[in-house]
Amino acid sequence: MVAFLEEMLLKEKFTLVFISHDRYFINTIATRTIEIDDFKIRSFQGGYENYLTAKEQLMLGMQKQHDNLLKFLKGEEEWLRRGVKARLKRNEGRKQRVFELRESAKKNPSLIHKMKLELEREKHNFNGDKSLNKQKMLFELEHICKTLGNKNLIKSFSARILQKDRIAIVGKNGAGKSTLLKMLMQQLPIDSGVLKVGDFKIGYFDQQREMLDENKNILETFCPQGGDRVDVCGKNMHVFGYLKNFLFPKDGLYKKIGILSGGEKNRVALALLFTKKIECLIMDEPTNDLDIPTINILEEYIKSFEGAVIFVSHDRYFVDKMANKLYVFKGNGIIEESYQTYSEYLDIEKEIKELENITQNPDSDDDKKQKNKEQKSVKLSYKEQKAYESLPQQIESIEDEIAQIKQCLGNPECYQKIGLLELSQKLTQKEKEVDMLIDELLEIEEKIENINKN
Ligand SMILES: Nc1ncnc2c1ncn2[C@@H]1O[C@H](COP(=O)(O)OP(=O)(O)O)[C@@H](O)[C@H]1O
Ligand SMILES: [Mg+2]
């Protein structure tokens, strides 16, 4: 039906305005795409694919603007912190603007972040829709909730995990990451929601190495039925040949698992895992106790593995390399699905935090040190004392003069008598004079403030 409608519409010559959620339909029919989002209407040339590309450009532009804003803001913040001039009445506007810029700079990262997330999800879905049906669905989570103790670990989390997914679960300690893994493996019940698990085998790699029996030797571990051969990815191999890849010497085959070092046990556990015919690999902080050569082996295996990989990790490098999707535990039971790399995610988080700090405590340690330096001369000189007494009156009288000039400038009879040019020159000169005196006064006032503080 949709195909028929498309064909018919494409033949027609009339102008068509339509609302649709069918992205393929939009892509085929539309010559212009209009988006309404967050109180803004934006128009993009072309169909859905063009819209995605243009939106990406828009986002990159926003990012660039934001970077420039940050640079500019840094200068302004410095000016503001120097204090004296910023306190002048006529600089109120500039000061106000700094506050406004701060606010928008604070909002930008999360706005850009949100746009990026949505865009990535959108691109992923749009391109992935066609292949979705071909990929086996392993897990389907609908509004899963979990509380342990009094802690609300997971609040209404929904997701689908497909055959070739590479999912990294990240977030603070105690957030509930291991709990989520356990629920996927059905070792822990969910409190509410629906968890559908397909028919497939899961391989689990944990730090406790529960899969190993300390009393068996290595050969028995790999060949519990006897013999000395193993099947790895459809290839039948001698255990020794296989273990060579894991950097084990031949005479190690008869060593009891119990006497191996932690690192060696990890390697045995990994090697054993790879001999299992599994469709989903679940790992809880796999790289924690692994040395670099063993991590490399693990990475190679994951790359060649056909099934889904779901793992918890704090290892930025490992996550960047291995994951194509993140489940981020944001705290308070919220899990965010993201297609960013972990590094990108962390960078944005850091930026948001830094901007929040600017407003919360404008006086950073560096500034304080700077101020302390400035406060070394802690007494007013005689000249300063005299100036402090006489300046207010001087300022007042020049300000009176300025007011008179301004009044004259508004009255033709008056300005024609003296001359416009002369008046405006005088005004500029008087304004300069008063500025200098105010600066001088404010600097002395600041000094007095510091003296009183110490
Ligand atoms: N059986 C339990 N009873 C009560 N609280 C638990 C239980 N198991 C774990 N927790 C708590 O739940 C929180 C999440 O644990 P976990 O999923 O292991 O966190 P993560 O793996 O993100 O570090 C922690 O605060 C932990 O102490
Ligand atoms: Mg954990």
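The following legends describe close-up views of a predicted model.

Local features are described only where pLDDT is at least 70 and side-chain atom pairs only at pLDDT 80 or more, whereas totals for chains, interfaces and linings use all residues. Residues are numbered from 1 along each chain as its sequence is written, and chains are lettered from A and ligands numbered from 1 in the order in which they are written.

**View 1. Overall content of the protein.** The secondary structure comprises 15 helices and 13 strands (DSSP runs numbered from the N terminus: helices are H or I of at least four residues, strands E of at least two). Among contacts between residues at least 6 apart in sequence, 66% join residues at least 24 apart (contact: C-beta atoms, placed from the backbone, within 7 Å).

**View 2. The shell around ligand 1.** The surrounding residues are Leu148, Gly149, Lys151, Leu153, Asn173, Gly174, Ala175, Gly176, Lys177, Ser178 and Thr179 (C-beta atom, placed from the backbone, within 6 Å of the ligand). Strand 4 (151-162) and helix 5 (177-184) each supply at least two residues of this shell, and the largest share, three residues, comes from helix 5. By class, three shell residues are nonpolar, six polar and two charged (nonpolar: Ala, Val, Leu, Ile, Met, Phe, Trp, Tyr, Cys and Pro; charged: Asp, Glu, Lys and Arg; polar: the others, Gly among them).

View 3. Strand 12 (residues 325-331) and strand 13 run antiparallel and are joined by five bridges; Gly331 stands opposite Ile334 in strand 13.

**View 4. The hairpin of strands 1 and 2.** Six bridges connect strand 1 (residues 32-37) with strand 2 (residues 40-45) in an antiparallel arrangement. Arg32 stands opposite Gln45 in strand 2. Two residues lie between the strands, and Asp38 in the turn has a positive phi of about 50 degrees.

**View 5. Helix 8 and its packing partners.** Helix 8 (residues 262-275) has 14 residues. Its buried residues are Asn266, Arg267, Val268, Ala269, Leu270, Ala271 and Phe274. The buried residues of helix 8 pack against strand 7, helix 6 (218-222), strand 8 (229-232), helix 7 (239-244) and helix 9 (292-304).

Note on methods
Two strands pair if DSSP finds at least two bridges between them. The expected span of a helix is 1.5 Å times one less than its number of residues. A residue is buried if 20 or more other C-beta atoms lie within 10 Å of its own, exposed if 12 or fewer, and partly exposed in between; C-beta atoms are placed from the backbone. Two residues are in contact if their C-beta atoms, placed from the backbone, lie within 7 Å.
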